[in-house]
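This report describes the fold of one protein model, from its overall composition to individual residues. The sequence and the structure are shown first.

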Amino acid sequence: MTLRVIPTEGRTLNWITISLEYSRTITGEWCQVTLLWVLGTEGMMDLVTPTVTNHDYLIGNDGACQVLSASSQPSNGDPSSTAEMNGAVNSEQPYRLYRFLTDLEDIIHKHADDRSQLLALCPLVRRLLASSSWLELSAPQPAPGKAWGVSILYDEPFFPITVQLVTWQPGATSPIHNHGGWGIVALLSGQEKNRFWRRLHNPVDPTSQAPEYPHQIEAVGDRLVLPGDIITFLPDAIHSVEALGDAPTVSFNVYGPTQHDQRLQYNPQTHDAVRF
Ligand SMILES: [Fe+2]
């Protein structure tokens, strides 16, 4: 199905949303689903999937978005390699938050690099969400006048893991930022557009030419994130988020060990970056 749209002269049309139906979230609740149409070449518009999709994504330090497949997941003795860890729910023994945290710590000790940790953790997050409908019921309400609200589920001194529930009001946008440590964001409800960026200069790449501004960035792609999707970030992955639709977004976020001097907000107009 296609729809021809002619953008107004001098304007760039990126997104059109059309609300059409309701669907279930990953925890079984009904929610409004918006069909999203993306402007393609020559004004043709392509329908983006309108349902709960359960995609897993890995965003690299260069902003590349990799769709994780089953073959990307670890095996050979890792607890996350079992069928049970890949999202299956044992109704007699729910996968509770404290068990998730224990498995998370084991994975951090077992896997030395960030990417391996994320690949091992992603199925655990999916399993936790499938077993924890209470998470959506605990969604934080933004304070009056604020675009977002945060509820801390776990934050222990001297153990560098933070677990949060985060709510964004419809239409809210985040600064362009990286996290200085790996991150996992699982969308529970609502819809968001993630935009990925890359620094023009990669200091660890000898073939990378230094631009005029060391923090100069450029956008490399967008991804629509729907309920059930899990998006994982390497420490230097740069992104910005826009909450789409008419309903708030609620996400379950996990952040790993963070290098705070490497956690930056970027300004693509001034090419500056500041710590946050
Ligand atoms: Fe972020």
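A residue is termed buried if 20 or more other C-beta atoms lie within 10 Å of its own, exposed if 12 or fewer do, and partly exposed in between, with C-beta atoms placed from the backbone. By this criterion His271 is partly exposed, since 15 other C-beta atoms lie within 10 Å.

**Basis and confidence**

The model is a predicted one: local features require a pLDDT of at least 70, side-chain atom pairs count only at pLDDT 80 or more, and totals for chains, interfaces and linings use all residues. Residues are numbered from 1 along each chain as its sequence is written. The pLDDT expresses the predictor's confidence in each residue on a scale from 0 to 100. For this protein the average pLDDT is 80, and 71% of the residues score at least 70. Residues 17-50 have a pLDDT below 50, and this stretch has 75 contacts in the model beyond near neighbours in sequence. A contact requires the C-beta atoms of two residues, placed from the backbone, to lie within 7 Å. Residues 79-87 also have a pLDDT below 50, with 23 contacts beyond near neighbours in sequence. Where pLDDT is low, the predicted coordinates should not be read in detail.

**Overall composition**

The protein contains three helices and 16 strands. These elements are DSSP runs numbered from the N terminus: helices are H or I runs of at least four residues, and strands are E runs of at least two. Of its 276 residues, 32% count as buried. Among contacts with a separation of 6 or more, 71% link residues 24 or more positions apart.

**The helix pair**

Helix α1 (residues 97-110) packs against helix α2 (residues 114-130) at an angle of about 170°, and their axes are 10 Å apart. Axes are lines fitted to C-alpha atoms, for helices over the stretch in contact, and angles run from 0 to 180 degrees between N-to-C directions. The angle makes α1 roughly antiparallel to α2, given that angles under 35 degrees count as roughly parallel, over 145 as roughly antiparallel, 65 to 115 as roughly perpendicular and the rest as oblique. On the α1 side the contact is made by Leu97, Phe100, Asp103, Leu104, Ile107 and Ile108, and on the α2 side by Gln117, Ala120, Leu121, Leu124 and Leu128. These contact residues divide into nine nonpolar, one polar and one charged. In this classification Ala, Val, Leu, Ile, Met, Phe, Trp, Tyr, Cys and Pro are nonpolar, Asp, Glu, Lys and Arg are charged, and the others, Gly among them, are polar.

**The seven-stranded sheet**

Seven strands form an open sheet with mixed pairing, in the order β5-β4-β12-β9-β14-β7-β6. Its edge strands, β5 (65-67) and β6 (148-156), each pair on one side only. The twist from one strand to the next averages 20°. Helix α2 packs on this sheet, where it touches β4 (56-59), β9, β12 (230-233) and β14, and its direction makes about 25° with that of β9.

Two strands are taken to pair if DSSP finds at least two bridges between them. Strands β9 (residues 183-189) and β14 (residues 249-255) pair in the antiparallel sense over six bridges, and Val185 stands opposite Asn253 of β14. Strands β6 and β7 also run antiparallel, joined by eight bridges, with Val150 opposite Val166 of β7. The hairpin formed by β6 and β7 has two residues between the strands.

**Individual residues**

| Residue | Phi | Loop |
|---|---|---|
| His271 | about 65° | between β15 (264-267) and β16 |

Phe158 is exposed, as 4 other C-beta atoms lie within 10 Å.

Ser189 belongs to strand β9 and counts as buried, with 22 C-beta neighbours inside 10 Å. Its C-alpha atom is 5.0 Å from that of Pro227, although Ser189 and Pro227 are 38 residues apart in sequence.

Arg275 lies in strand β16 (residues 272-275) and is exposed, with 10 other C-beta atoms within 10 Å. Not counting residues up to four places away in sequence, Arg275 touches His260, Asp261, Arg263 and Leu264.
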